[in-house]
Amino acid sequence: MKSQSESYKEAGVDITSGYRAVELMKEHVSKTMVFGNTSPVGGFGGLLQPDLTGMEEPILVSGTDGVGTKLKLAFLQDKHDTVGLDCVAMCVNDIICVGAKPLFFLDYIAVGKNVPEKVASIVKGVAEGCIQSECCLIGGETAEMPGFYPEDEYDLAGFAVGIVDKKKVIDIEKVSEGDVIIGIASSGIHSNGYSLVRKVFDVENTDLNKTYEELDGKTLGEVLLTPTKIYVKPMLALFKEMTPHAVMHITGGGFYENIPRALPEGMSAKIYKDELEIPGIFKLLMKKGNIPERDMFNTYNMGTGMTVVVPKEDAARAVEIIEAAGEHAKVIGEIVKSSEGVIIE
């Protein structure tokens, strides 16, 4: 007998919608299965057999995150196929910082009302993020929670697991005075600081189709919903030729919080402000919100989504590898002896 419950449906949960959502998302999930030997969708646990060829001491690395209040922009514009990319990016960009290759991802979607087409659209974005990360989407959970979330809203979170050989784990104790800091361009605000973004632009009461001179012809809504860039491919390409002394994912907390996390005691990052290529959305946000520059660098990536620390003699080659992988990179600073953490000048 097909599973169904009229009583549960009267309470606001239609389990048949859940089955329909799973059927719709299978098309997207299947596209990620080329990156590993995995189990079919729908079981109680997602299985993956990792390739350990050449690894002497495999270490698993995990990371978890959500999309945060950027989801409000998806609700307001009724566009749900990109926030999944954000969710994957926030996880895999973290684990790549220790030198790990992502293996698999699982998502958790909590909805006020399960609209199968909407859920499938969200998962489409998650699957695209996994494809860009070359990892498998091996499972997830969709929870219908009437009365807890509004019918047209949802939350999205997930986690990724990667693997690295112990001898290739990035050791930040190797960071030395005179090392060079390479910045890799972001796609915009990514997925951090959206509570401030929403306050400054009053997004619930403004025309998101409006454009500004700083946005190069794009609408405000389009720019604010731009997905977080995934840095897995360029970083894996770099790891094949060299092991950086440090890698930092510039997320919430901006430069001042994230860069010191990967620096040994007594070392600081001197950032050349004139070398930074700051997108117009940050300039517009700073101007409209009357936000001090220090706060901007302590909240946002300011156009640099990831930084890589390498010896000075390896800098040119590192930039070349990252650029060949399709990302824009340049030297934006150096490591100095100091206890300040980050110096922007």
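In this predicted model, six strands make up an open sheet with mixed pairing, arranged in the order β8-β10-β7-β11-β9-β12. Its edges are formed by β8 (246-249) and β12 (342-344), each of which pairs on one side only. On average, neighbouring strands of this sheet are turned by 25 degrees against each other, direction ignored.

Within the sheet, strand β9 (residues 267-271) pairs with strand β11 (residues 329-337) in the antiparallel sense, over five bridges. Ala269 has Ile335 of β11 as its bridge partner. Helix α12 (residues 315-324) packs on the sheet and touches β7 (180-185), β10 (304-310) and β11. The direction of α12 makes about 15 degrees with that of β7.

Aromatic side chains form a second topic. The structure holds five aromatic pairs, and two of the pairs are set out below.

| Ring pair | Distance between centres | Angle between planes | Arrangement |
|---|---|---|---|
| Phe148 and Tyr149 | 5.2 Å | 65 degrees | edge-to-face |
| Phe201 and Tyr212 | 6.5 Å | 55 degrees | tilted |

The pair of Phe148 and Tyr149 counts as edge-to-face because its planes stand at 65 degrees, over the cut-off of 60. Phe148 is exposed, having a relative accessible area of 60%.

In the other tabulated pair, Phe201 and Tyr212 are both buried. Phe201 belongs to helix α6 (residues 194-201), whereas Tyr212 lies in the loop between α6 and α7 (220-224). The pair therefore ties together parts that are 11 residues apart in sequence.

How values were computed
Residues are numbered from 1 along each chain as its sequence is written. This is a predicted model: local features need pLDDT of at least 70, side-chain atom pairs count only at pLDDT 80 or more; totals for chains, interfaces and linings use all residues. Side-chain values use heavy atoms; hydrogens and water are left out. Rings of Phe, Tyr and Trp (its six-membered ring) pair if their centres lie within 6.5 Å; planes under 30 degrees apart count as stacked, over 60 as edge-to-face and the rest as tilted. Buried means under 20% relative accessible area, exposed over 50%, partly exposed in between (1.4 Å probe, protein chains only). Helices (H or I, at least four residues) and strands (E, at least two) are DSSP runs, numbered from the N terminus. Two strands pair if DSSP finds at least two bridges between them. Axes are lines fitted to C-alpha atoms, for helices over the stretch in contact, and angles run from 0 to 180 degrees between N-to-C directions. Contact means heavy atoms within 4.5 Å.
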